[in-house]
Amino acid sequence: MHGNECTARAHANIALIKYWGKRDQERNIPAVGSISMTLDALHTTTTLRFDESLSQDRLILNEEEATANQLNRVTSFLDLVRDRADLSIRAHIRSVNNFPTGAGLASSASGFAALTLAATGAAGLDLNREELSALARRGSGSAARSIFGGFVEMFPEKQIAAADSKEEQTDAFAVQLYDESYWDIRLLVLILSEEEKTYSSREGMTISADTSPYYNAWMETSPQDLAEMRDALQIRNFEKTVELSEYSCLKMHALTMSSRPGILYWQPGTLSVIHAVRDLRSQGIPAYFTIDAGPQVKVLCLPEQQEQIITALRDIPDVLEIIPAQPGPDAKILEDAP
Ligand code: DP6
């Protein structure tokens, strides 16, 4: 950190119990809780500098000037930080993902978590981890979870201890359940060729909440899914953890498909991998899948079977690349950054 400049790094995360739907659009409060694993292999590094000479924020994403939409979303987020710090200065932001761009991997979680740390650091705001998580949520719901490493739970409403206030208040933020050394399970990120652009998770959630006849069932069954996942993680029960995670994924996709218009995130390659994973299972190899708002499939497995599973999946047509990941660390400020 140097004066009004700060560099931070945050890792991506994948939800084992999915978030889909909002209670409050304006403050981006999720309608349901979620549980995720932070990934060591995928991260975003962001440097932010408040600069008196700028008349508007400037965002460079993966060495390219950001689009107007990307910039607007970041400016709205930075306005929250500026309000809190009583600042009006515009910022120069340079953000780099270490994972392939355009591969359809969500970068909003690691992106907004890194931006939260870099912006509050550069603004001189002293926030605790819960406040950082609640702030990151305003950028993207899943970013609230990327503030923490290991296994993380997002709460739609929970008591928060604000650093600057003694009053009791509630907010939506994530907490760490277990750090990254707790359990070595693996998540293989399969990069598939992506043909068409589809609905963003933000758009998809709104459509599902407004139109799916299954939305109430999704909301009602969420507490039980979360409770079962907490229990499975507590005793490191692999079968239960991954079975529940595949279940939550399919339930979320059933919700998107039952919306109007029907939202189908899968591509032919997605289905090929789903069936290949289930074939492996029928041969006695424990492998389970999870999928977010896009065609990419992530495969959960134990370290012992990782190589065997990669060998079985890498020759499927449409599989371009496989990135193995394991539980990763907290988001942090990089003190030695240039
Ligand atoms: C399918 O966090 O991207 O990945 O809060 O609108 O930015 P916004 O949504 P986002 O949604 C993530 C949806 C998901 C499931 C999950 O990560 O829990």
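Mentor: Axes are lines fitted to C-alpha atoms, for helices over the stretch in contact, with angles from 0 to 180 degrees between N-to-C directions. This model is predicted, so local features need pLDDT of at least 70 and side-chain atom pairs count only at pLDDT 80 or more, while totals for chains, interfaces and linings use all residues. Residues are numbered from 1 along each chain as its sequence is written, and side-chain values use heavy atoms, with hydrogens and water left out.

Trainee: Why are H6 and H7 called roughly antiparallel?

Mentor: The axes of H6 (residues 215–234) and H7 (residues 238–257) cross at roughly 165 degrees and come within 10 Å. Angles over 145 count as roughly antiparallel, under 35 as roughly parallel, 65 to 115 as roughly perpendicular, and the rest as oblique. H6 and H7 are therefore roughly antiparallel to each other. Their crossing is left-handed.

Trainee: Which residues of H6 and H7 meet?

Mentor: From H6, they include Tyr-215, Trp-218, Asp-225 and Leu-233. From H7, they include Lys-240, Leu-244, Tyr-247 and Leu-255. Contact means heavy atoms within 4.5 Å. By class, the H6 and H7 contact has 9 nonpolar, 4 polar and 4 charged residues.

Trainee: What makes H2 and H3 oblique or perpendicular to each other?

Mentor: The axes of H2 (residues 108–123) and H3 (residues 129–139) come within 9 Å and cross at roughly 120 degrees. H2 and H3 are therefore oblique to each other. The crossing of H2 and H3 is right-handed. On the H2 side, the meeting residues are Phe-112, Ala-113, Thr-116, Leu-117 and Thr-120, and on the H3 side Leu-132, Leu-135, Ala-136 and Gly-139. By class, this contact of H2 with H3 has 6 nonpolar, 3 polar and no charged residues.

Trainee: How do H1 and H3 cross, and which residues make the contact?

Mentor: The axes of H1 (residues 68–85) and H3 come within 9 Å and cross at roughly 145 degrees. H1 supplies Arg-73, Phe-77, Leu-80, Val-81 and Arg-84, and H3 supplies Glu-131, Leu-135, Ala-136, Arg-138 and Gly-139. The classes for H1 with H3 are 5 nonpolar, 1 polar and 4 charged residues.

Trainee: What is called cis at Pro-261?

Mentor: The peptide bond from Arg-260 to Pro-261 is cis, with omega near 0 degrees. Pro-261 is in the loop between H7 and H8 (268–282).

Trainee: What is the phi of Asn-62, and where is this residue?

Mentor: Asn-62 has a positive phi of about 50 degrees although it is not a glycine. Asn-62 is in the loop between strands E5 (58–61) and E6 (64–65).

Methods: Helices (H or I, at least four residues) and strands (E, at least two) are DSSP runs, numbered from the N terminus. A crossing is left-handed if the near helix is turned anticlockwise from the far one by less than a right angle, and right-handed if clockwise. Ala, Val, Leu, Ile, Met, Phe, Trp, Tyr, Cys and Pro count as nonpolar, Asp, Glu, Lys and Arg as charged, and the others, Gly among them, as polar.
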